[in-house]
Amino acid sequence: MKKLSQKAYWNGVAAEKSFTLRPDFSLLKTCIGKDAFIVDYGCGYGRTLEELYLAGYRNSLGLDFSGAMIARGKKSYPRLNIQIIESSHTNLPDCSVDMVLLFALLTCIAEDKEQQELMKEIRRILKPGGYIYITDFLLNDDKRNRERYNAFMEKYGIYGVFDLPEGVTLRHHDEDYVKQLMKDFAITHFEKTQNRTMNGHISNGFVLMAQKKR
Ligand SMILES: C[S@@+](CC[C@H](N)C(=O)[O-])C[C@H]1O[C@@H](n2cnc3c(N)ncnc32)[C@H](O)[C@@H]1O
């Protein structure tokens with residue numbers, strides 16, 4: 001299949017995909033209160049913010065570059081504040097956010113540089129002591145994954161980046177790389193998990209909570 005731009009891909013699948021990574025409320029409540037301002041970056045159709053809303057976390061904003069994801073979210077959960085974003089710059093004031101969520105978002109960003117730019121923006125908008133809560137995918141060691149990581153090494157130069165036949169580029173991350181990416185934050189929680197992917201496979205994953213240094 002012809003490779004689509006990343007945004008075109010997410011727009012194309014917005015009506016059909018279901019995302020699965022769940023918030024850990026016991027972890028969340030050690031970091032923020034119910035009135036905290038939470039930004040879900042790469043919120044998709046808003047299902048995480050809806051789950052948070054039902055649990056009493058109602059001061060939130062969802063941002064996503066896919067207009068079709070946001071349209072689905074507005075239809076499914078009209079009470080949520082979710083908006084299209086044009087670039088990784090959010091227009092939010094400096095030091096204004098208590099927690100940023102990145103749920104299966106880094107996997108959509110193949111390049112180190114683009115991930116680093118996003119972390120810079122997140123540091124800008126977080127309050128001192130504010131949190132970033134990431135859940136995403138780690139490298140796997142099974143044959144299917146090793147073969148695709150190797151097959152795309154020449155194209156992308158990063159072990160773990162691969163194209164799916166359906167037309168999107170995804171990344172599974174090296175654990176040390178993730179910790180290096182977070183070097184300007186203080187990691188308060190890191191846990192390895194097994195995550196179900198949007199296509200129903202089981203993959204290594206992680207949950208990370210980190211705080212903006214004061
Ligand atoms: C795998 S989905 C996860 C959605 C949501 N976080 C969830 O867990 O339900 C990834 C989402 O990130 C969005 N996305 C991917 N790259 C993005 C970027 N660079 N900026 C903003 N949104 C992006 C896609 O449109 C898609 O909705």
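**View 1. Helix α5 against the sheet.** Helix α5 (residues 112-125) lies across β4 (97-103), β5 (126-137) and β9 (202-212), and runs at about 145° to β5; helices (H or I, at least four residues) and strands (E, at least two) are DSSP runs, numbered from the N terminus. Axes are lines fitted to C-alpha atoms, for helices over the stretch in contact, with angles from 0 to 180 degrees between N-to-C directions. The model is predicted, so that local features need pLDDT of at least 70 and side-chain atom pairs count only at pLDDT 80 or more, whereas totals for chains, interfaces and linings use all residues. Residues are numbered from 1 along each chain as its sequence is written.

View 2. Seven strands form an open sheet in the order β3-β2-β1-β4-β5-β9-β8, with mixed pairing, where two strands pair if DSSP finds at least two bridges between them. The edge strands, β3 (82-84) and β8 (185-196), each pair on one side only. On average, neighbouring strands of this sheet are turned by 15° against each other, direction ignored. Strand β2 (residues 60-64) and β3 run parallel and are joined by three bridges, with D64 standing opposite I84 in β3.

**View 3. The antiparallel strands β5, β9 and β8.** β5 and β9 run antiparallel and are joined by seven bridges, and Y131 stands opposite Q211 in β9. β8 and β9 also pair in the antiparallel sense, over 11 bridges, and here I187 stands opposite A210 in β9. The hairpin of β8 and β9 has five residues between the strands, and in it G200 takes a positive phi near 90°.

**View 4. The hairpin of β6 and β7.** Strand β6 (residues 161-164) and strand β7 (residues 168-171) run antiparallel and are joined by four bridges; the bridge partner of F162 in β7 is L170. Three residues lie between the strands of this hairpin, in which G167 takes a positive phi near 105°.

**View 5. The largest nonpolar core.** This core has 44 residues, and those with the most contacts inside it are V100, L101, L102 and I132; a nonpolar core is a set of buried Ala, Val, Leu, Ile, Met, Phe, Trp, Tyr and Cys residues joined through C-beta atoms within 7 Å. The largest share of the core, six residues, comes from β4. Leaving aside its neighbours within four places in sequence, V100 is in contact with V39, Y41, I122, L126 and I132, contact being defined by C-beta atoms, placed from the backbone, that lie within 7 Å.

**View 6. Two residues with positive phi.** Most residues other than glycine have a negative phi. C95, although not a glycine, has a positive phi of about 50° and is placed in the loop between β3 and β4. A104, likewise not a glycine, has a positive phi of about 55° and is found in the loop between β4 and α5. C95 is partly exposed, with 14 other C-beta atoms within 10 Å, whereas A104 is buried, with 21 other C-beta atoms within 10 Å; a residue is buried if 20 or more other C-beta atoms, placed from the backbone, lie within 10 Å of its own, exposed if 12 or fewer, and partly exposed in between.

Note on methods
Two residues are in contact if their C-beta atoms, placed from the backbone, lie within 7 Å.
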